[in-house]
Amino acid sequence: MKTIIGNITVECVQGDIAAQPDMAAVVNAANAQLMPGGGVAGAIHRGAGPGLAEECRPLAPIKPGEAVITGAHNLPNQYVIHCLGPVYGVDKPEAQLLANCYRNALRLAEEKRINAVAFPAISTGIFGYPLRDATNVVADTIKKMAPTLKNVKSIRFVLFSQSDLEVYKEILC
Ligand code: ADP
């Protein structure tokens with residue numbers, strides 16, 4: 001599913017964030033220590049190999065809403081942008097912190113002249129953010145940022161499950 005927001009092509013697909021070879025950057029739903037974990041962080045670090053954790057070590061810890069950028073090592077991309085989403089019910093205000101993740105990730109992509117970025121649904125796994133609420137935050141943030149983007153031309157949302165994809169299709173794509 002594809003839509004155009006501003007000058008940006010926005011796509012919503014079902015798949016694995018670690019298997020997006022046509023995107024220059026993939027976003028990691030990171031933990032504060034930027035280390036391998038479950039879910040997205042597990043898949044990204046598995047695909048990238050141990051060099052990623054090594055590159056990440058001096059950049060940690062990060063705070064909710066923050067993002068840092070590294071190389072992609074053995075992943076089929078050029079960059080990984082690591083974002084720490086809010087833990088739902090703990091890090092507040094969660095909507096603002098979640099929006100900051102997407103904003104900061106896109107800001108870093110712009111700085112590195114990255115044309116295509118793939119995002120997972122940050123905070124909606126282990127961090128417990130209800131998917132529909134999180135997707136509304138994502139949609140608002142992307143709509144606000146789209147007119148400001150010069151280098152980023154393509155944004156892909158990669159959802160792990162078909163039911164999550166249906167929510168994204170309804171709200172965003
Ligand atoms: P967080 O800790 O930010 O909640 P998680 O990695 O636990 O991050 O989950 C974020 C979302 O990513 C969840 O919706 C989860 O189902 C999904 N997810 C898990 N593994 C992958 C993957 N390999 N590719 C894309 N999405 C994934």
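This is a predicted model: local features need pLDDT of at least 70, side-chain atom pairs count only at pLDDT 80 or more; totals for chains, interfaces and linings use all residues.

Colleague: OK, helices first. At what angle do H3 and H4 cross?

Modeller: Roughly 40 degrees, and their axes come within 9 Å. Axes here are lines fitted to C-alpha atoms, for helices over the stretch in contact, with angles running from 0 to 180 degrees between N-to-C directions. Helices (H or I, at least four residues) and strands (E, at least two) are DSSP runs, numbered from the N terminus.

Colleague: So what do you call H3 and H4 relative to each other?

Modeller: Oblique, therefore. Under 35 degrees counts as roughly parallel, over 145 as roughly antiparallel, 65 to 115 as roughly perpendicular, and the rest as oblique.

Colleague: Which residues make that contact?

Modeller: On the H3 side they include Leu 98, Tyr 102 and Leu 106, and on the H4 side Val 138, Ile 142 and Met 145 are among them. By class, the contact of H3 with H4 has 10 nonpolar, one polar and two charged residues. Ala, Val, Leu, Ile, Met, Phe, Trp, Tyr, Cys and Pro count as nonpolar, Asp, Glu, Lys and Arg as charged, and the others, Gly among them, as polar.

Colleague: And how far apart are the axes of H4 and H5?

Modeller: They are 10 Å apart, and H4 (131-145) packs on H5 (162-171) at about 40 degrees. Leu 131, Thr 135 and Val 138 are among the H4 residues there, meeting H5 residues including Val 167, Tyr 168 and Ile 171.

Colleague: Switching to the core. Which residues touch the most other members in the largest one?

Modeller: Ile 81, Tyr 102, Phe 119, Ile 155, Phe 157 and Tyr 168, out of 44 residues. Helix H3 (94-111) gives the most to this core, with eight residues. A nonpolar core is a set of buried Ala, Val, Leu, Ile, Met, Phe, Trp, Tyr and Cys residues joined through side-chain atoms within 4.5 Å.

Colleague: What is Phe 119 in contact with?

Modeller: Beyond its neighbours within four places in sequence, the partners include Ile 17, Val 27, Tyr 102, Leu 106 and Phe 157. Contact means heavy atoms within 4.5 Å.

Colleague: Now the backbone. Where's Pro 61?

Modeller: In the loop between H2 and strand S4 (67-71). The peptide bond from Ala 60 to Pro 61 is cis, with omega near 0 degrees. Another cis bond joins Lys 92 and Pro 93, with omega about -5 degrees, and Pro 93 lies in the loop between strand S5 (79-83) and H3.

Colleague: What about phi at Ser 123?

Modeller: Positive, about 75 degrees, although Ser 123 is not a glycine. His 73 has a positive phi too, of about 50 degrees.

Colleague: Is Ser 123 buried or exposed?

Modeller: Buried, at a relative accessible area of 5%, while His 73 is partly exposed at 36%. Buried means under 20% relative accessible area, exposed over 50%, and partly exposed in between (1.4 Å probe, protein chains only).

Definitions and conventions
Residues are numbered from 1 along each chain as its sequence is written. Side-chain values use heavy atoms; hydrogens and water are left out.
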